[in-house]
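Let us read this structure together, one feature at a time. Start by looking at the sequence and the fold.

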Amino acid sequence: MITLDLKLPDAHYPIHIGRNLLTRTDLLKPHLPIPSAAIVTNSTIAPLYLAPLEQALKAEGIATRVVVLPDGESYKTWDTLNLIFDALLAGNCERKTTLIALGGGVIGDMTGFAAACYQRGAPFIQIPTTLLAQVDSSVGGKTAINHPLGKNMIGAFYQPRVVIADMVLLDTLPDRELSAGLAEVIKYGLLGDAEFLAWLESNIEQLRARDPAALEYAVKRCCEMKAEIVGQDEKESGVRALLNLGHTFGHAIEAGLGYGAWLHGEAVAAGMVLAAATSQELGWLNAADVERVISLIQRAGLPVRAPDLGLTNWLEHMGHDKKVEQGKLRFVLLKQLGQAVISSEVSHDVLQRVLSGQN
Ligand code: NAD
Ligand code: ZN
C-alpha cells in the first residue's frame, strides 16, 4: 500500500492506494469521530462490495446504516440526494455520523454533497470503485449534483477525511468504464508529465489487462499530480483549471449528444484530440505530437473523432461550460506534450478549422 498526503490550508488527508483495502478498518477507524457510519452506494455495487465493508465495520462495533441508490448519472439529482437525507434522518443519525461513499464518481459526488449539507457538515470518506473515481473525482473535494439546466451546477467544495483506493475493486469494472477512466489517466500525462506519458505509451495494454502493478502505479501518479495541483489551488482560481484538459470540448460532446450517449471519459478523450489539434493550429504541437496523442487514446480503447455537432451547436454548448469566464471561452491547450496552458485567445477561425477538420 502507498499513502499520499493532500495538504490544504484547512484540511489534510491521506489517500491510500493498494490491494485488499476494502475491509481494512484500521484505515477508516481513526477518521470516525464517533462509532457511527452510513454507507452510501448503488444497486450495482451493493451486491459486489457492500457486505464485506458493512461486516468489517460492524465487527469493530461501528453502528452502520446503508443507503442504496439507483445506478446512473440520471439519478445524480435533488430527488436522489433527498433519499440520503431521508435515510439519515429516519435513522436518527447525528451530525458526527460519517458518510462513506462506496462507488464511482456519481456516488462520490452525491455523498460528498450530502455530507456537506447534512446538519451543516458531516464527516465523509471516499472509497472509489471506478478508475475514474480513483484518479480524479474522489480526490480534491469537488462535490455536486446535476440540474436539468446543467451538469454539476449545484454543489460544494467539501473534502473527505480519507480516500481509500482498492485496486481489487476494479476487477469487476466493465471494460468500457475502465477505458473511460484511462482517458483521465492520459490527461495527467498530457497536462503535466511527459515522462508519465511515455510510461503510459509503454504500458497501456497492461493497464487495459488490469495488471495490478501497472494500475497501482498509474493511480498513484495521477493522485500525486491531483493532490499537488489541488494543494496549490483548492477552489480553481488558477492552476486547477489545467485538470480540465479536453473538458471544454468534451462537455460540449456530452451535452450535444445528450448525457449518457457517450461516457464522460470518452467525450474527454475526443476532446483531448481536439485540444491537441487546436494546439497544433497555434504552432505549439507538430503533426507527430498530435499523432502520438491520437495513437495512445486509440490504444486505450477510446474514441479519437468527435461526433459532428455542427459549428453552431459546438459554440453554444461550449459557451454553457463552467470554464467560461466573463463571456470568453477558455481552453486548456498544450504548449508541448506534458505541459498544458490556459488560453482564452483561440480565434473563431482556428476553432472553425479544428472543428470542421473533424468531419
Ligand atoms: P459512475 O459512478 O456512474 O460509475 C460507472 C458505472 O460503473 C456505474 O454503472 C457504476 O454502478 C459501475 N461501477 C462502479 N464501480 C464498479 C465496480 N467496481 N464494478 C462494477 N461496476 C462498477 O461513473 P464514474 O465514471 O465513476 O464517475 C462519473 C461521475 O463523476 C460524473 O458524474 C462526473 O461529473 C463525476 N466527476 C466528478 C469529479 C470531481 O472532481 N468531483 C471529477 C470527474 C468526474
Ligand atoms: Zn473528467
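Q: Which residues of α7 and α8 meet?
A: Two residues are in contact if their C-beta atoms, placed from the backbone, lie within 7 Å. Here F196, N203, Q206 and L207 in α7 meet A214, L215, A218 and R221 in α8. Helices are DSSP runs (H or I, at least four residues), strands likewise (E, at least two), numbered from the N terminus.

Q: What should I know about the model and its numbering?
A: The model is predicted: local features need pLDDT of at least 70, side-chain atom pairs count only at pLDDT 80 or more, and totals for chains, interfaces and linings use all residues. Residues are numbered from 1 along each chain as its sequence is written, while chains are lettered from A and ligands numbered from 1 in the order in which they are written.

Q: Where are the domain bounds?
A: Such bounds come from an automatic or database domain assignment. In this protein chain, domain 1 spans 2-172 and domain 2 spans 175-357. Their centres, taken over C-alpha atoms, are 26 Å apart.

Q: How many residues of each domain are in contact?
A: Domain 1 brings 27 residues and domain 2 brings 26. On the domain 1 side, the elements giving two or more residues are β1 (2-8), β2 (11-18), α5 (131-137) and β8 (150-157).

Q: Which residues are closest to ligand 1?
A: A residue is near a molecule if its C-beta atom, placed from the backbone, lies within 6 Å of it. For ligand 1, 28 residues surround it, and the closest are G104, G105, T129, T130 and S137. Elements giving two or more residues to this shell are α4 (105-117), α5 and α6 (175-192).

Q: Why does ligand 1 lie between the domains?
A: Because domain 1 and domain 2 both give residues to the shell around ligand 1.
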